[in-house]
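Here's a walk through a two-chain model, meant to be read with the structure open beside you.

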Amino acid sequence: MNQVNPAAHEVPFVQLLTPDGQRVTDAEHSFDGDRAAIEGLYRDLVMTRRVDVEAFALQRHGELGLWPPALGQEAAQVGSARALKAHDYAFPTYRDHGVAWARGVDPSLLLGVYRGTDLGGWDPADHQLALPNIIIGAQTLHATGYAMGLTLEGLVGTGDSERDSAVIAYFGDGATSEGDVSEALDWAAVHQAPVVFFCENNHYAISLPAANQSHVPIVQRAAGFGLPGVRVDGNDVLACHAVTQRALQRARDGQGPTLIEAVTYRMGAHTTSDDPSRYREAAEVAEWKAKDPIDRVRLLLEAEGTTPEFFADLSAEADALGVHLRQACQNMPEPDLAELFDHVFVESTVENQQQQAEYVAWRASIEGSVSA
Amino acid sequence: MRMTMVKALNSGLRIAMENDPKVLLMGEDVGRLGGVFRVTEGLQKDFGEGRVMDSPLAESAIVGTAVGLAFRGFRPVVEIQFDGFVYPAYDQIVSQVAKLHFRSRGRVRMPMVIRIPFGGGIGAVEHHSESPEGQFALTAGLKVVSCADPHDAHWMIQQAIASDDPVVFMEPKRRYWETGEVDTETAPAPLWESRVVRPGRDATVIAYGAMVKTCLDSARAAEDDGLDLEVIDLRTLSPLDLGPVVESVRRTGHAIVVHEAARTLGLGAEIAARITEECFYSLESPVQRVTGYDMPYPPSRAEHEFLPGLDRILDAVDRARAY
């Protein structure tokens, strides 16, 4: 049997907001925003969760083939992504719906991949956000290369805050076992690339617990590659924001990469096709439910005098988003195979054109003769 | 002027870098050393460490970071040190480089060149003599080309770098040190065209990379038997340009495809199928394949038996004509 010791993974993390809504201090990190800023983050959390709830329901109604829930990981995603500047760049995974929300992507565009109408959804240049990567960990190398490009272009360490830029790479605990992630950490350190590696340790890679994935806490890997590592309460949006903001600023200042391990929990299944009751106890889930990333912010805001109208308005806004998602999902245009031929290459080939013409002719020849 | 293929590639890379500041070279030992084959010799000295990067030893990272650089608008030219070292990068090449343009519905471009010295015949140890081009040619979203002589090497590398699509650039390392005339003035043939390199009447011999010279040698030897072989250099493996092949086989009635890569499901199989589709009524014999055998690359003392050579090629010509 594996000699797994989950207790070895219980090392301290940065926390600025406790599960019961109390603000606490950290020697090196602080959240400097005012109440309005926290209300803004709270809105992001609530809207991200609504995206997730609606998409889950759409899958159960047969409108989506699959959905990978971000439930429980909203603070890690929103807190980190809101620390990005508009000109920074992010490379997400397929579960980072909160990152897409924070980068201004219409969340209905997340659905196409899972409805089978698209393989992406948006123009990365519009949001400085790459398309979600399904190959585990591959995007950490893309982020590193992009960051190396920023250095080459002189967009790092100039002292001009409008100019200096950084990159964030998202990945999970499972991805840390992939060679690409180790290569990315190594290259980023060697090149002192302006990239932040943001690991959402949600405790499970489908069924495999994080303790079976890595013999040491993930954050400790940073030392071996020669970059700073920070562990943060991944369900604490204020701490995630503070820790990421600091790491991004180091990167923009030309001080190199950082590894952040955000300790969170995947409250839902890996995807809608998964049954987590086969590999984890209900008591464990209940324990994490008590550490919910949204509840604690609400407790804080209520204590600090946010008005009931704010919460009511937000609830109505989330409802409207739900309506938008349901309508947009059902109205998504079906993919046209004939058109897809156009996107295999920038400069189309004769073979490509011939097969396209062959398909179009075949489709025309059977039109009306067979049922769809 | 006469130069080796190594020098021709080097001068082509230099021109591409002078013409476009977004062109970057990356790979193992490509900087200070100039590459293990010296293809990039002197370029780091002249263009700096930012544009000619000695990379850590990780092929997936070489291609994966090049993807990120391409996202940023650079045109990375990466060197995979040897054919057999490309497999750690296979996932990034197939799942990312080949698919990003498609995944993004044309919004993302991957103008990347992946240079791979390939093929055997140099007495090397295992993993240094392979021919993996077919694995890239069958991957939609990639383009694959191979130069056969210094002139093409000089021009094709520049054309590949100018392509907005990703190009796997197969360099026949066995021909690296052979010299040939390079015309640096004359406008080159388009990158995506195959070419008749020796006109002939009696049979059509189709090859690419190092095998082009072997086939030309075979054609010269066949002259002694009164045979006039046409030799075609494919140059582009994906997309294939079989126009000259079809035109030729319709005249000669016989086709012989030659490559170092293994036979089963190799490029020769696709070319034979296409010739059958296009030249069915002109064929006087089944398309012959002269290839490496379906085995891992052998110890180098046996490679002269494994690689297609003059005798096996001429034997195939005879078999075709005797059919």
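Which residue forms a salt bridge with A:R252? That would be A:D88, with the closest N and O atoms 2.6 Å apart. A salt bridge here is a side-chain nitrogen of Lys or Arg within 4 Å of a carboxyl oxygen of Asp or Glu. The pair ties together distant parts of the chain, 164 residues apart: A:R252 sits in helix 10 (residues 237-252) of chain A, and A:D88 in the loop between helix 2 (74-81) and strand 1 of chain A. Over all chains, the structure holds 44 salt bridges.

Some ground rules before going on. This is a predicted model, where local features need pLDDT of at least 70 and side-chain atom pairs count only at pLDDT 80 or more, while totals for chains, interfaces and linings use all residues. Residues are numbered from 1 along each chain as its sequence is written, chains are lettered from A and ligands numbered from 1 in the order in which they are written, and side-chain values use heavy atoms, with hydrogens and water left out.

**Where the chains meet**

On chain A, 42 residues are in contact (heavy atoms within 4.5 Å) with 42 residues of chain B. The area buried between the two chains is about 3,600 Å², and carbon and sulfur atoms give 63% of that. Buried area is the accessible area (1.4 Å probe) that two parts lose on being put together, summed over both. Between chain A and chain B the count is 5 salt bridges. In one salt bridge, the side chains of A:E153 and B:K22 meet at 4.0 Å, N to O.

Helix 6 (138-152) of chain A is among the elements that each supply at least two residues to the side touching chain B, as are strand 1 (89-91), helix 7 (179-191) and helix 14 (337-340) of chain A. Helix 6 of chain A gives the most, with 10 residues. Helices (H or I, at least four residues) and strands (E, at least two) are DSSP runs, numbered from the N terminus.

**The sheets of chain B**

In general, strands of a sheet pair through backbone hydrogen bonds, either parallel or antiparallel. For this report, two strands pair if DSSP finds at least two bridges between them. Here are two parallel pairs, each with one bridge as an example.

| Strands of chain B | Bridges | Example partners |
|---|---|---|
| strand 4 (residues 75-79) and strand 5 (residues 113-118) | 3 bridges | B:V77 and B:V113 |
| strand 10 (residues 203-207) and strand 13 (residues 255-262) | 3 bridges | B:I206 and B:V257 |

One open sheet of chain B has 7 strands in the order 3-2-4-5-7-6-12, with mixed pairing. Its edge strands are strand 3 (52-54) and strand 12 (236-238) of chain B, each pairing on one side only. Neighbouring strands of this sheet are turned by 20 degrees against each other on average, direction ignored. Helix 7 (residues 150-162) of chain B packs on this sheet, touching strands including strand 2 (23-27) and strand 7 (167-172) of chain B, and its direction makes about 165 degrees with that of strand 7. Axes are lines fitted to C-alpha atoms, for helices over the stretch in contact, and angles run from 0 to 180 degrees between N-to-C directions.

Another open sheet of chain B has 5 strands in the order 9-11-10-13-14, again with mixed pairing. Strand 9 (195-198) and strand 14 (288-292) of chain B are its edge strands, and the twist averages 25 degrees from one strand to the next. Helix 10 (residues 267-279) of chain B lies across strand 10, strand 13 and strand 14, running at about 160 degrees to strand 13 of chain B.

**Two backbone details**

The peptide bond from B:S238 to B:P239 is cis, with omega near 0 degrees. B:P239 lies in the loop between strand 12 and helix 9 (243-252) of chain B. B:R38, a residue other than glycine, has a positive phi near 70 degrees.
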